[in-house]
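Visitor: Could you take me through this model, please? I would like to begin with the loops and then go wherever the answers lead.

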Amino acid sequence: MSHFSKKEKIIENYGIDKGKRSNQFKSRLYSEPRWDPSWKKFRDMEWETFSKLEVAEKIPLFTKNNRLYDCLFAQQFDRELLDRLCRVADKLREITKTSAGDRFVTNLLFDKRAILVFNQPSSRTFLSFQNACHILGMKTSEIRDVSTSSFAKGESPLDSIRTFASYVHLMIMRMKEDGFVEQSAWHLNSKTNRPIPIINAGSGTDQHPTQALLDIYTMTRLLDGGIDGKNIVMVGDLKRGRTVRSLSYLMKNYSGVKITYVSPEEFRVGLDILEFLRKHRINYTETYDFESAIRDADVIYMTRIQDEYDKNGESKKVDYSKYYFKPEHLKIIKPTCIIMHPLPRRNEIDPKVDFDERAVYWRQERNGMWIRAALISYIFNIDHKIMVYKVGV
Ligand code: CP
């Protein structure tokens, strides 16, 4: 005869009250807390339909509890959020100068893990994201060569993404295929029960929103009076340079900005960007005349030729040397102008220019780590803890 009641036996067998267990199981199936209610309407929408929506129509699927969840497009940022992230990045720098502050920050996300999935080369985006995670206490894993993953065994790319997402709380992705980072976020949020936030660390020729964030952070820190009213001259391969695209989108958040695009005919900025600028009444001009354009610049944003996207070696036919910044150009630019570059560079900026205090690209790449840490803290809703931390108390 059993000494246990039926209910006690069930608890003994399962280690949990069966009634509670079944409720927990149901709640996991039917009220998945990782979901935002606004995502429901996307559940039956296939990628072919979703991908053709306007960005503004897509953004709700990448927003949770009215906060940015997946960071995919520069159009997701408004002025309030940009200013907030710059303040959080500044505060992180300040706090981590002391060991007490550093300990506080590394405890903020000690229980979270991130994976970096990069199928394109990267130095600064990879390392700055990895170190941004470590600053906040997150552990990281990485896939840098997808031929070592089960992609190589014929697993579908979306099944692979789902697998990577199974082990972590955040995925940071750089992909050579336009749109695949967005498709991954669409898939996790609308077709699985285990979405995690995804950050776009560069997708094809499409966008590089966190590069644009660090560019904004650099300008905000270094330009007297901030970005409003400034003349920003963007130079180089503007057709295929994703950093220029994302930065142009962010300019809608600043008033009185003028953008001057300087490029060879073959690499003029995309018509979709120009249409966006017209729609948002942002003043812009296009020119081939590098020397005239840089004289009045507040920011000179140099970029390299993106020949990895060549179809038939077309870059070799273009004379890019007219778009190089040389030491003699330092004499003709404004004393307050800053020279930026998302890096890596080739010949667009002579290394002798590095010694001029207006050359800020090495500071710019380091700013990337802090603004990316600020972004991750915002996504995990701990940015307010950073802002209220009292340094030296
Ligand atoms: N600016 C940038 O994206 O650099 P990496 O390619 O080195 O990451």
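This is a predicted model: local features need pLDDT of at least 70, side-chain atom pairs count only at pLDDT 80 or more; totals for chains, interfaces and linings use all residues.

Visitor: What is the phi of L343 like, positive or negative?
Guide: L343 has a positive phi of about 60 degrees, although it is not a glycine. Most residues other than glycine have a negative phi.

Visitor: And how is the peptide bond from L343 to P344 arranged, cis or trans?
Guide: The bond from L343 to P344 is cis, with omega near 5 degrees. Most peptide bonds, in general, are trans. P344 is likewise found in the loop between β11 (338-340) and α14 (361-379).

Visitor: Why is L343 classed as partly exposed?
Guide: L343 has 19 other C-beta atoms within 10 Å, so it counts as partly exposed; a buried residue would need 20 or more.

Visitor: Which residues surround the ligand?
Guide: The surrounding residues are S122, S123, R124, T125, F126, G202, Q211, P342, L343 and P344. By type, the shell divides into 4 nonpolar, 5 polar and 1 charged.

Visitor: Which element gives the largest share of that shell?
Guide: Helix α7 (residues 124-135) does, with 3 residues.

Visitor: Where does the ligand lie in terms of domains?
Guide: The ligand lies between domain 2 (37-208 + 369-384) and domain 3 (211-367), because both give residues to the shell around it.

Visitor: Back to α7, then. Which strands does the chain link through it?
Guide: Strand β3 (residues 113-118) is mostly covered, as 5 of its 6 residues are buried. From β3 the chain crosses through α7 to β4, and this β-α-β crossover is right-handed. β3 and strand β4 (residues 139-143) run parallel and are joined by 5 bridges; V117 has I143 of β4 as its bridge partner.

Visitor: Which other strand pairs with β3, and over how many bridges?
Guide: Strand β5 (residues 170-175) pairs with β3 in the parallel sense over 5 bridges.

Visitor: Changing topic: how many residues of β7 are buried?
Guide: In strand β7 (residues 231-235), 5 of the 5 residues are buried, so the strand is largely enclosed by the rest of the structure. Both of its faces are covered, with N231, V233 and V235 on one side and I232 and M234 on the other.

Visitor: Which strands does β7 pair with?
Guide: One is β8, in the parallel sense over 5 bridges, where V235 has V262 as its partner. Another is strand β10 (residues 299-302), also parallel, over 4 bridges; there M234 is partnered by Y301.

Visitor: What about K252, where is that?
Guide: K252 lies in the loop between α11 (242-250) and β8 (258-262). Leaving aside neighbours within four places in sequence, K252 is in contact with H280 and I282. The C-alpha atoms of K252 and R79 are separated by 8.8 Å, although the two residues are 173 residues apart along the chain.

Visitor: Last one: is R281 buried or exposed?
Guide: R281 counts as exposed, because it has 8 C-beta neighbours inside 10 Å. R281 is placed in the loop between α12 (271-279) and β9 (283-287), and has a positive phi of about 55 degrees although it is not a glycine.

Conventions. Residues are numbered from 1 along each chain as its sequence is written. A residue is near a molecule or strand if its C-beta atom, placed from the backbone, lies within 6 Å of it. Helices (H or I, at least four residues) and strands (E, at least two) are DSSP runs, numbered from the N terminus. Ala, Val, Leu, Ile, Met, Phe, Trp, Tyr, Cys and Pro count as nonpolar, Asp, Glu, Lys and Arg as charged, and the others, Gly among them, as polar. Domain bounds come from an automatic or database domain assignment. Two residues are in contact if their C-beta atoms, placed from the backbone, lie within 7 Å. A residue is buried if 20 or more other C-beta atoms lie within 10 Å of its own, exposed if 12 or fewer, and partly exposed in between; C-beta atoms are placed from the backbone. Two strands pair if DSSP finds at least two bridges between them. A crossover is right-handed if, with the strands pointing away from the viewer, the path from the first strand over the helix to the second runs clockwise.
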